[in-house]
Amino acid sequence: QLDVDRQWTTRLRSQLQHCSAGVTAELGATVLNVNEVSRLAVGDVIVLDTGVNDDLELKVEGRPKFYGKPGMHRGKPAFQISGVIRSPEEAGYGE
């Protein structure tokens, strides 16, 4: 039985390596009314609800999974993970 489980696990792992998932990091949020949105122009500054040193949430398929900070790695945009979100409550939900 254990040998069958290992084979199944190996096959599953191999198949999952070729799957993709959407990953997003939101810089922050704010609320604007329609009038404010209609008057936005190039160069305008929108104040967000997060500070420049705050950790951001990294979402996998829309679900918060990690905390971290945006940055650059080898000249490309990157995200350094600083923590794991283990429950919806940790992500600020259910309050």
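**Secondary structure.** Read from the N terminus, the order is α-β-α-β-β-β.

**Source and confidence.** I note that this is a predicted model, in which local features need pLDDT of at least 70 and side-chain atom pairs count only at pLDDT 80 or more, while totals for chains, interfaces and linings use all residues. Residues are numbered from 1 along each chain as its sequence is written, and side-chain values use heavy atoms, with hydrogens and water left out. The mean pLDDT of the chain (the predictor's confidence in each residue, from 0 to 100) is 89, and 92% of the residues reach at least 70.

**Overall dimensions.** For the radius of gyration, taken over C-alpha atoms, I used the globule rule of 2.2 Å times the number of residues to the power 0.38; a compact globule of 95 residues would come out near 12 Å, whereas the chain has 19 Å. Along the principal axes, the C-alpha atoms fill a box of roughly 65 × 40 × 25 Å.

Of the 95 residues, 11% are buried, with buried meaning under 20% relative accessible area, exposed over 50% and partly exposed in between, for a 1.4 Å probe and protein chains only. The chain exposes about 8,200 Å², of which carbon and sulfur atoms supply 55%; the areas come from the Shrake-Rupley method with a 1.4 Å probe. Taking contacts (heavy atoms within 4.5 Å) between residues at least 6 apart in sequence, I find that 29% join residues at least 24 apart.

**Charges.** I count 11 positive and 13 negative side chains, the centres of the two sets lying 11 Å apart; Lys and Arg are positive, Asp and Glu negative, and His and the chain ends are not counted. Each charge is placed at NZ of Lys, CZ of Arg, CG of Asp or CD of Glu.

**Backbone angles.** Glu-61 is exposed, at a relative accessible area of 54%. In the loop between β3 and β4 (76-84), I looked up Arg-74, which also is not a glycine and has a positive phi of about 55°. Arg-74 is exposed at 77% relative accessible area.

Key. Helices (H or I, at least four residues) and strands (E, at least two) are DSSP runs, numbered from the N terminus.
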